[in-house]
Amino acid sequence: MKFNWGTGILIFLILFLVVCAIFIVFAMRQDVNLVHKDYYEKGVDHTEQMNVDSRSKQFENDVNIGLQNDYLIISVTESLVANIDSGKVLLYRPSNSKNDIIFPMTFSENNLIIPKDNLISGRYIVKLFWYSEGIKYEIDKPVNIE
């Protein structure tokens, strides 16, 4: 059998289609991680989030985050704790939303103490959400767990 240009084009097209099929199978098996599950709904509420951020800016220095032994300690000033009606703490993991953890905002001597055994090493964003007199506030602070 003679190898001519028609045979070469046929072999090239078959290899091209096989590579395309392999890539499609690979792409379909990849996990798609949006930043948030309700990404589009959060985009609609962007103006409200900007208002919450501007209201909360004054309290950024009232919240400190530190690591001590086997605990993540979130320290909040006494004046801020006195004004919080209800709230929660979200340990947001940007790389994998399955590792996000939510805690109720319950203070022990103006501190929130979170054990590190539930946390994976890496970067988290600590998001504090609270209500004071019916108005929502939010502060975000990054932390690295080692």
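# Close-up views of a predicted model

**View 1. Phenylalanine 129 stands opposite glutamate 138 in E7.** Strand E6 (residues 122–132) and strand E7 run antiparallel, joined by 11 bridges. Strands here are DSSP runs (E, at least two residues), helices are DSSP runs too (H or I, at least four residues), and both are numbered from the N terminus. Two strands pair if DSSP finds at least two bridges between them. A word on the model: it is predicted, so local features need pLDDT of at least 70 and side-chain atom pairs count only at pLDDT 80 or more, while totals for chains, interfaces and linings use all residues. Residues are numbered from 1 along each chain as its sequence is written, and side-chain values use heavy atoms, with hydrogens and water left out.

**View 2. Four strands make an open sheet in the order E4-E3-E6-E7, with antiparallel pairing.** At the edges stand E4 (101–104) and E7 (135–145), each with a single partner strand, so one side of each has no neighbour in the sheet. On average, neighbouring strands of this sheet are turned by 20 degrees against each other, direction ignored (axes are lines fitted to C-alpha atoms, for helices over the stretch in contact, and angles run from 0 to 180 degrees between N-to-C directions).

**View 3. Here's E2 with its two antiparallel partners, E1 and E5.** Six bridges link E1 (residues 63–68) to E2 (residues 71–76), and five bridges link E2 to E5 (residues 111–115).

**View 4. Now for the largest nonpolar core, with its 24 residues.** Such a core is a set of buried Ala, Val, Leu, Ile, Met, Phe, Trp, Tyr and Cys residues joined through side-chain atoms within 4.5 Å. Buried means under 20% relative accessible area, exposed over 50%, and partly exposed in between (1.4 Å probe, protein chains only). Among the residues with the most contacts inside this core are Ile74, Val126 and Trp130. Leaving aside neighbours within four places in sequence, valine 126 is in contact (heavy atoms within 4.5 Å) with residues including Ile65, Leu72, Val89 and Ile139.

**View 5. Isoleucine 84 lies in the loop between H4 and E3.** Isoleucine 84 counts as buried because its relative accessibility is 15%. Not counting residues up to four places away in sequence, isoleucine 84 touches Met105, Phe107, Trp130 and Tyr131.
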